[in-house]
Amino acid sequence: MLYGIVALGLFSSDKIIVSTLQTTGPDYNVSFGQFKLARLMPDSIQSSDVSGIMVTEQSAPNIDRYLIDTDDFDNYYLLTFKMVGVQKSDSYSYHPLLEISSCRQIDFILFWSLIIIEFGLVMLSILYYRKYKRQLSSS
């Protein structure tokens, strides 16, 4: 479980999890990391929306090539980023403009399978520990 937390960048300030969008607004939907992005947004912008991100032209070809290679547009991706500014989308809101340094696909089926197995093992260990404590107290 700790490996999953570290691998998904939950405690890293420069990693977010996104999914692809098929709209003309922001480039990617932010699945996890909106709080990180909200802290980086300038206070002077009143109409900011961190639920979507825009990417710079330098990072877009690398990401698009990766997405084309994997050919999965419904999956989630872990992005390592650097915020370089804000950009207005087709709507009235501003989105974070990010420069992406790396992109990695997340296999959520494998991740959640491991979480369920680990949760089951933790529950079994708690049950055996309680049984052991009852045996010690009865003797």
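**Note on the predicted model**

1. Among contacts (heavy atoms within 4.5 Å) in the protein between residues at least 6 apart in sequence, 62% join residues at least 24 apart. This is a predicted model, in which local features need pLDDT of at least 70 and side-chain atom pairs count only at pLDDT 80 or more, while totals for chains, interfaces and linings use all residues. Residues are numbered from 1 along each chain as its sequence is written, and side-chain values use heavy atoms, with hydrogens and water left out.

2. Confidence. The mean pLDDT (the predictor's confidence in each residue, from 0 to 100) is 81 for the protein, and 81% of the residues reach 70 or more. Helix α2 (residues 34-40) has the highest confidence, at a mean of 90, and helix α3 (residues 60-70) the lowest, at 62. Where pLDDT is low, predicted coordinates should not be read in detail.

3. Secondary structure. The protein has four helices and five strands, in the order α-β-β-α-β-α-β-β-α along the sequence. Both kinds of element are DSSP runs numbered from the N terminus: helices are H or I with at least four residues, strands E with at least two.

4. Burial and surface. Of the 139 residues, 31% are buried; buried means under 20% relative accessible area, exposed over 50%, and partly exposed in between (1.4 Å probe, protein chains only). The protein exposes about 9400 Å², of which carbon and sulfur atoms supply 59%. Accessible areas come from the Shrake-Rupley method with a 1.4 Å probe, and for residues only the protein chains shown count as cover.

5. Core. The largest nonpolar core has 14 residues, and I16, V18, L37, I53 and L98 touch the most other members. Strands β1, β2 (28-32), β3 (52-55), β4 and β5 (94-106) each give two or more residues to this core, with the largest share, three residues, coming from β4. A nonpolar core here is a set of buried Ala, Val, Leu, Ile, Met, Phe, Trp, Tyr and Cys residues joined through side-chain atoms within 4.5 Å. Beyond four places in sequence, I16 touches F32, G33, L37, I53, Y77, L78, L79, F81 and L98.

6. V30. This residue of strand β2 is buried, at a relative accessible area of 3%. Apart from neighbours within four places in sequence, V30 contacts I17, V18, L37, V50, S51, G52 and I53. V30 and I17 are 13 residues apart along the chain, with 6.1 Å between their C-alpha atoms.

7. S19 and N75. S19 lies in strand β1 (residues 15-20) and is buried, at 11% relative accessible area. N75 lies in the loop between α3 and β4 (76-88) and is partly exposed, at 23%. The two are 56 residues apart in sequence, but their C-alpha atoms are 6.2 Å apart in space. Not counting residues up to four places away, S19 touches Y28, N29, S31, N75 and Y76, whereas N75 is in contact with V18, S19, T20 and Q105.

8. Surface patch. L110, L114, I117, L121, L124, L127 and Y128 form a nonpolar surface patch with about 740 Å² of accessible area together. Patch residues have over 30% relative accessible area and no salt bridge; like charges are joined within 9 Å, nonpolar side chains (Val, Leu, Ile, Met, Phe, Trp, Tyr) within 5 Å. A salt bridge is a side-chain nitrogen of Lys or Arg within 4 Å of a carboxyl oxygen of Asp or Glu. L110 is in helix α4 (residues 108-138) and counts as partly exposed, at 49% relative accessibility.
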